[in-house]
Amino acid sequence: MRPRSLMAGVAAASLALLALPLASPAVAAPVTSTQTNKCQTDTFPIFDWATTLTTTAVTDGAETVLEMQTNDLPGIVPLALTNAGVVGTIVASVNGQDVTLTGSGTTSAAARTPLPMPKVIARFPGAASPLSIVVKRIQFDVSAMGANLPTLCPPGGVDMAWALGDVAVDGAAGPLPTVAPVPSAAPVPTAAPTATKTPKPTKTPKPSKSATPGGSGGSGGGESKGTAASGKVKYACVLQPFGSDFDYTPSISLAASRAKEGVDKVTLAANLSEIPGLAPVPIDNGTMQVTLQAKMGGEPVVLKGSSTVNAAPYGTVPVPTLTAEMNSSAEEADVEVSAFAFAFGEMSGVKITADCKVSSGGSLGAARFGVGEISASNGSAGGSSGGSSSGSVTSVSASGSGETLPQTGSGAPLALLALWSSAFVLGAVALMLFLPRRRQDA
């Protein structure tokens with residue numbers, strides 16, 4: 001019996017030895033690290049991202065492929081995205097040498113929900129193991145609505161020092177993964193905005209002679225040109241739904257006129273220079289409603305206007321002539337402006353609005369009332385007014401009657417405005433349309 005037991009033991013040991021070569025080689029576990037980073041999408045407000053990176057590396061003995069996958073980007077986009085193009089870039093120090101990992105793909109998500117990002121990959125010579133990795137910069141560019149919307153961590157493209165620790169390098173069981181070329185992050189081409197009629201430049205209102213009795217203005221009195229109140233006002237604005245702030249410093253002129261001498265009904269018309277170019281995406285036939293709150297001789301009035309706007313990305317936006325009516329028997333009134341606001345109709349599921357409060361310069365001085373109709377062609381009280389205008393806008397009267405009241409704002413183009421359509425405004429808009437480049441004076 002003893003020999004048989006010995007033979008059985010030898011056989012079992014032989015089978016065990018034969019089985020060892022069939023076992024799979026050990027595979028190093030991916031290295032996962034989490035750090036909260038400050039990030040910014042285009043010019044939207046800075047936000048915190050609790051970033052998780054999962055890192056792996058493999059070598060064929062001559063070259064090494066390094067791969068990184070992030071968790072989803074926070075849900076800061078105010079609209080739904082469907083198959084929006086994404087280009088990812090991570091710059092890291094690998095054993096003391098800078099390596100750039102890239103990747104691309106598409107992403108889809110409901111409005112304000114986390115946004116999946118593509119994996120990034122790099123291939124470089126050598127087979128050293130482990131790899132000591134320190135992440136320096138993370139960037140994901142999303143293309144939507146004809147615009148490229150970059151998210152940078154940290155903001156401004158500066159370096160961080162996120163040490164991932166040592167990453168073990170596995171031996172490749174076959175050919176190394178291919179590093180596909182990354183497409184350009186340039187904006188997706190879109191049709192050019194439909195051309196609309198650009199308002200003609202007009203002159204700034206000038207004082208004119210007083211009423212001439214017996215003129216053509218009606219019974220008992222003639223026409224006279226009034227004197228518009230004017231000045232430069234600084235507004236502090238907040239762009240919604242992105243919560244981004246910006247400054248708007250328009251030149252404003254406000255004129256007033258009654259149809260005939262002795263009539264209390266007075267028509268008001270205000271002209272403002274362009275809204276700064278903040279939008280990272282084009283505005284194509286966007287419907288804009290604008291309001292200006294003011295006081296005429298201490299009496300509150302609200303001037304309104306609307307227009308159809310076409311503008312290139314980051315293009316300034318003309319303001320339509322704003323009108324209102326009031327009753328007054330006075331010959332002139334001190335003018336003080338306060339709140340200003342604009343609102344665009346829904347674009348790709350997003351409604352862009354801005355509310356502005358005066359931070360300085362609200363008093364425009366006195367406006368002398370003219371006699372005669374305010375000219376629809378230049379918005380002045382019995383005379384000419386306005387200044388140069390850039391951009392493309394078709395204005396309509398505040399009453400909706402269809403009368404054309406072109407924009408006649410004055411001054412150099414303001415350098416601001418943004419609709420991230422936009423803090424990320426990705427998506428079929430965006431993102432942002434009016435996404436500000438941080439608060440700055442126009």
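This is a predicted model: local features need pLDDT of at least 70, side-chain atom pairs count only at pLDDT 80 or more; totals for chains, interfaces and linings use all residues.
Buried means under 20% relative accessible area.

**View 1. Strand S7, largely enclosed.** S7 covers residues 131-144. Ten of its 14 residues are buried, so the strand is largely enclosed by the rest of the structure. S7 pairs with S4, residues 81-94, in the antiparallel sense. Ten bridges make up the S4 pairing. S7 also pairs with S8, residues 147-153. That pairing is antiparallel too and runs over seven bridges. Five bridges join S7 to S9, residues 162-167, again antiparallel.

**View 2. Bridge partners along S7.** Which residue of S7 is the bridge partner of Gly-88? The partner is Phe-140. Phe-140 also stands opposite Thr-151 in S8. Val-134 stands opposite Ala-163 in S9.

**View 3. The Asp-159 to Arg-137 salt bridge.** The side chains of Asp-159 and Arg-137 meet at 2.4 Å, N to O. This pair links distant parts of the chain. Asp-159 sits in the loop between S8 and S9, and Arg-137 sits in strand S7, 22 residues apart. Are these two residues buried or partly exposed? Asp-159 has 45% relative accessibility, so it counts as partly exposed. Arg-137 is partly exposed as well, with a relative accessible area of 28%. The contact belongs to a network of salt bridges that links Asp-98, Lys-136, Arg-137 and Asp-159.

View 4. The structure holds eight salt bridges. One of them joins the side chains of Asp-48 and Lys-38, at 2.8 Å from N to O. Asp-48 lies in strand S2, residues 47-59, and Lys-38 in strand S1, residues 31-41. The pair therefore ties together parts that are ten residues apart in sequence. Asp-48 counts as partly exposed, at 44% relative accessibility.

View 5. Asp-247 and Lys-234 meet through their side chains in a salt bridge of 3.8 Å, N to O. Asp-247 is in S13 and Lys-234 is in S12, so the contact ties together parts that are 13 residues apart in sequence. Asp-247 is buried, with a relative accessible area of 7%.

View 6. Five aromatic pairs occur in the structure. In one of them, the rings of Tyr-235 and Tyr-248 have centres 6.2 Å apart and planes at 25°, so the pair is stacked. Tyr-235 lies in S12, residues 234-240, and Tyr-248 in S13, residues 244-248. The pair therefore ties together parts that are 13 residues apart in sequence. Both Tyr-235 and Tyr-248 are buried.

**View 7. From Tyr-248 to Phe-340.** Tyr-248 also forms an aromatic pair with Phe-340. How are the planes of this pair arranged? The pair is tilted, with 55° between the planes and 5.2 Å centre to centre. Phe-340 lies in strand S19, residues 332-344, and Tyr-248 in S13, so the contact ties together parts that are 92 residues apart in sequence. Tyr-248 counts as buried at 1% relative accessibility. Phe-340 is buried, also with a relative accessible area of 1%. Ring pairs link Tyr-235, Tyr-248 and Phe-340 into a cluster.

**View 8. The whole protein, for context.** The protein has one helix and 23 strands. Of its 442 residues, 46% count as buried. The accessible surface comes to about 19500 Å². Carbon and sulfur atoms account for 55% of that surface.

Methods:
Residues are numbered from 1 along each chain as its sequence is written. Side-chain values use heavy atoms; hydrogens and water are left out. Buried means under 20% relative accessible area, exposed over 50%, partly exposed in between (1.4 Å probe, protein chains only). Helices (H or I, at least four residues) and strands (E, at least two) are DSSP runs, numbered from the N terminus. Two strands pair if DSSP finds at least two bridges between them. Rings of Phe, Tyr and Trp (its six-membered ring) pair if their centres lie within 6.5 Å; planes under 30 degrees apart count as stacked, over 60 as edge-to-face and the rest as tilted. Accessible areas come from the Shrake-Rupley method with a 1.4 Å probe; for residues, only the protein chains shown count as cover. A salt bridge is a side-chain nitrogen of Lys or Arg within 4 Å of a carboxyl oxygen of Asp or Glu.
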